[in-house]
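Please keep the structure open while you read.

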Amino acid sequence: MKSSFFFILIFFISFSAYSNQNWKIVETINEGNQNKTFFLISNKVLSIPGIDGPFKNTYSAIMFKCDANKKLSSFFGFTNKPNIKNNKTEGMFNVVSTTIKYDDKKHDIDLYNPRRWRSNFYLTNNNNLFVKKLINTKNVSLEINWVNQGLKYFTHNTSGFLENYNNLKKACGL
């Protein structure tokens with residue numbers, strides 16, 4: 001699993017910020033057992049306002065994963081591990097309580113980062129609810145309270161999401 005995320009991290013870092021499409025589907029194959037994993041990845045976006053200092057080129061994307069067990073999960077990926085204020089530990093996760101805005105409607109959300117991965121990925125708790133909200137939304141804005149930077153907003157255009165999400169499910173055999 002870690003190797004799949006490593007591959008997707010490499011792809012994510014090189015994913016064009018100026019792509020003509022808002023979403024891409026990527027397939028990875030585990031060389032050990034030949035299991036396929038599929039990812040749906042949104043375009044990368046910078047925060048507004050921008051981040052200063054060593055994190056100034058930190059991009060974010062919305063990502064979905066369908067693994068060999070046909071389990072779907074959703075998460076936010078970042079090109080640099082976010083330096084986030086006010087997180088807590090819950091079992092094997094670092095948990096960030098923050099706000100997400102679906103068009104003009106704000107909602108509180110907890111994002112989960114597995115501590116053993118020490119990764120740039122923050123999982124959503126309820127993939128089905130997240131998908132339902134994205135289907136009827138034009139833009140999603142994730143609020144991050146960045147250490148020594150204040151509030152930063154990563155706003156993602158969701159046009160084309162439903163078609164591409166359905167394509168991800170078909171590729172995964174769902």
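1. Start with the terms. Helices and strands here are DSSP runs, numbered from the N terminus; a helix needs at least four residues and a strand at least two. Keep in mind that this is a predicted model.

2. Now the overall layout. The chain has three helices and 11 strands. Read from the N terminus, the order of elements is α-β-β-β-β-β-β-β-β-β-α-β-β-α. Trace that order on the model before you go on.

3. Next, burial and surface. The chain has 174 residues, and 45% of them count as buried.

4. How much of the contact count comes from residues 24 or more positions apart? Take the contacts in the chain with a separation of 6 or more: such residues account for 56% of them.

5. Which residues have the most contacts inside the largest nonpolar core? They are F64, F76, F130, F161, Y165 and L168, in a core of 30 residues. Several elements give two or more residues to this core: β2 (36-42), β4, β5 (72-78), β7, β8 (105-114), α2 (127-135), β10 (139-146) and α3. Both strands and helices are on that list.

6. Look at Y165 in that core. Leave out residues up to four places away in sequence. Y165 then touches L40, F64, L72, N127 and V131. F64 is itself among the core residues with the most contacts.

7. A second, separate core has 10 residues. Among them are F75, V95, Y112 and F121.

8. The chain has one disulfide. This bond joins C66 to C172, with an S to S distance of 1.8 Å. The pair links distant parts of the chain: C66 is in strand β4 (residues 59-66) and C172 is in helix α3 (residues 161-172). The two cysteines are 106 residues apart. The angle about the S-S bond is -70°, and the link is left-handed. Are these cysteines buried or exposed? Both C66 and C172 are buried.

9. The salt bridge count is also one. The side chains of E27 and K36 form this pair, at 3.5 Å from N to O. The pair counts because a salt bridge needs a side-chain nitrogen of Lys or Arg within 4 Å of a carboxyl oxygen of Asp or Glu. Side chains of opposite charge can pair when their charged atoms come close. E27 is partly exposed, at 39% relative accessible area. K36 is partly exposed too, at 42%.

10. Turn to T98, in strand β7 (residues 93-102). Why does T98 count as buried? Its relative accessibility is 8%, and buried means under 20%. A polar atom of the T98 side chain lies 2.2 Å from the backbone oxygen of E143. Set aside the neighbours of T98 within four places in sequence. T98 is then in contact with H107, D108, I109, L111, L142, E143 and I144.

11. Finish with T37, in strand β2. T37 counts as buried, with 8% relative accessibility. Where does V26 sit relative to T37? The two are 11 residues apart in sequence. In space, their C-alpha atoms are 8.4 Å apart.

Key: Residues numbered from 1 in each chain as written. Predicted model: local features only at pLDDT ≥ 70, side-chain atom pairs only at ≥ 80, totals over all residues. Heavy atoms only, no water. Buried < 20%, exposed > 50% of the residue type's maximum accessible area, 1.4 Å probe, protein only. Contact = heavy atoms within 4.5 Å. Disulfide = S-S within 2.5 Å. Polar contact = N/O pair within 3.5 Å; in protein donor to acceptor, adjacent residues only side chain to side chain. Core = buried A, V, L, I, M, F, W, Y, C linked by side-chain atoms within 4.5 Å.
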